[in-house]
Amino acid sequence: MTEPGRSLSESVTAVTQSPSWLVRGALGVALVVLFVALEWLSSLHEFMSVPITPWNPGLGVVFAFMLLSGPVYCLALFIGVIIAETLVVGTTLQWPLIIAIAAIIALVYGVAAAVTRLVLQLDAGLYHLRDLFVLLAVAVTAALLTSALVALLLLIDDRIALDNILTASTPLLVGDIIGIAVITPLILRLVMLSQGRASLSGYSRPFAVEVILFVGFVCGALWVILGGEGGSGLKYFYLLFVPVVLAAVRDGFDGACVALAVTQFALVGLMHYFGYDAQTFTEMQTLMLVLTGTGLVVGAVVSERQNAAHRMQIAEQRLREKEAEADQAARFSLVSGMAAALAHELNQPMTAARALARSVQHLLEGNAPDLPRANSNITNVIAQIDHASGVMRRMRDFLRRGRPHVSTFDVSEMLHDTVALARPDANARGIDLIILPGEKLPLAHGDRIQLQQVVLNLVKNAMEALTEAKRKDGQIQLAASEASAPSRIEISVSDNGPGVTPELAKSLFEPLTTSKHEGLGLGLSISQTIVESHGGRIWLQSGEPGQTEFRFSLPLEVAHDPQ
């Protein structure tokens, strides 16, 4: 029951993980009632003094809660077996024998749950194929041990003969295994869903239609399988693999659990309807066990791949965010290195505008105002302010935050904007920065600011190399041209600096590689990432002294948007 103001998931969590013995006792009573009811529904009966059912869903439910909350609930299993033996089966066995059978079943599965939790470290969410194999292996081992001990007990009590041990214990073995294999994973996944450790976000499509089609196909297949005379339809059992495997492939492990539960309930119900005997029940359940193993393994593999793909998407998203942060930091680093020169570039027009404005003021205050000259000076004031505004706009565009903005842009215009940002620093260093005239280029496609960052980074590296070399005739040339096969635009930045040594050239684009005393060595690495995200490549065309040249290419065909 859900407490007022408490969600179902919180209630389930509180019950399964509560340290209160009162709450645990209430859950134990509920498990006893559920176990007995499921034993009755699954037609518990005696076969050669052994309590058997076609399958044992009650055991699957109790074993799931043993895995979730501890083997203490083996006491519920012990009481449930005794009640089922006396009330449901109406056994003729003596009380000591009934208690001994119940004790064997409870102790074996209790120990199995403890080993699974503490030694094998099972993740109850069954998120990995390894956890499924652990659960199935434990179920088979515990069922083998239980059936062997119960058969041995009945043999000692002369209830069965030695020759009949296998015949008597096989139905109990198969029933217990399939009960755990079908029901325990389903219960564990439902609890995980209620606790928020799993979600149904992938089931937004018309799920009800698929369920109706699935149930209809399963019932039709079972009717063909079970409707034949004398079990002749068993040869069509493979039909059940189709819906179960499809559900597992489409909806992963959860889909396989639901599909197997629906198939198992329908199978048992129709077998009772057609009046099949215990031997046929056991044969059918053995086939069902194969189907269960297949469906669960396929579902686990699909879920594991889906989870891996989801984790990869998250990792890629985080990587893109970190790359964007690195790009942003690199742009600030580039501009901060030129801050003094840019401040000077802004101060010049503002100083000129102030002088021109004061001149206009004097012209207008005179006895004979010189209006044409004042008008000319005001025009110059506007031009100086526009120049300062242009510098600020380029800086703002270059430093703007946000996701990459992909568009078509003019490469020549992008180069001129880059030179406008870098020229004040170049002038301060006494370096000639020029753009070589070229042919008319087609529009490029990509993030203009990111590509401008690449050019500015190459220009800044060239300026620093020329400064360290103390060249008086330092010159940096920018050029752009169209190339073919494949169709692309190539942009080059060359200088007459000291060049790049062959040793440095080998690792030039690797992170943390630099020849400068100050610097992180990330500029070329980030530039390479940007260019490659646009489908192009960047390389050192020449490292010779006096002829250093870097180039990068941009494909003219739009392959994909850079992220």
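The crossing of helices H14 and H16 is left-handed, a label used when the near helix is turned anticlockwise from the far one by less than a right angle, with clockwise giving right-handed. This is a predicted model, in which local features need pLDDT of at least 70 and side-chain atom pairs count only at pLDDT 80 or more, while totals for chains, interfaces and linings use all residues. Residues are numbered from 1 along each chain as its sequence is written, and side-chain values use heavy atoms, leaving out hydrogens and water.

**Two helix pairs**

Let's stay with H14 for a moment. Helices here are DSSP runs (H or I, at least four residues), strands are runs of E of at least two, and both are numbered from the N terminus. The axes of H14 and H16 (residues 523-533) come within 9 Å and cross at roughly 150 degrees. That makes H14 roughly antiparallel to H16; angles over 145 degrees get that name, those under 35 are roughly parallel, 65 to 115 roughly perpendicular, and the rest oblique. As for the axes, they are lines fitted to C-alpha atoms, for helices over the stretch in contact, and angles run from 0 to 180 degrees between N-to-C directions.

Who touches whom? Contact means heavy atoms within 4.5 Å. On the H14 side the residues include Leu451, Val454 and Leu458, and on the H16 side they include Leu524, Ile526 and Ile530. The contact splits into seven nonpolar, seven polar and no charged residues. For that count, Ala, Val, Leu, Ile, Met, Phe, Trp, Tyr, Cys and Pro are nonpolar, Asp, Glu, Lys and Arg are charged, and the others, Gly among them, are polar.

Now for another pair. Helix H5 (residues 95-118) packs with H6 at about 160 degrees, their axes 10 Å apart, and the two are therefore roughly antiparallel. H5 passes H6 in a right-handed crossing. Among the residues that meet are Leu97, Ile101 and Val108 of H5, with Val138, Leu149 and Leu153 of H6. Here the contact has 17 nonpolar, two polar and no charged residues.

**The sheet**

There is also an open sheet of five strands, in the order E4-E6-E7-E9-E8, with mixed pairing. Its edge strands are E4 (432-435) and E8 (538-542), each pairing on one side only. The twist averages 20 degrees from one strand to the next. Two strands pair if DSSP finds at least two bridges between them; E4 and E6 (residues 475-483) run parallel and are joined by four. Leu433 stands opposite Ile476 in E6.

Helix H13 (residues 411-429) lies across E4, E6 and E7, at about 175 degrees to E4. H14 turns up again here, lying across E4, E6, E7, E8 and E9 and running at about 145 degrees to E6.

**Some loop residues**

Most residues other than glycine have a negative phi, and most peptide bonds are trans. Under 20% relative accessible area counts as buried, over 50% as exposed, and in between as partly exposed (1.4 Å probe, protein chains only).

The peptide bond from Ala485 to Pro486 is cis, with omega near 0 degrees. Asp157, in the loop between H6 and H7, counts as partly exposed at 35% relative accessibility.
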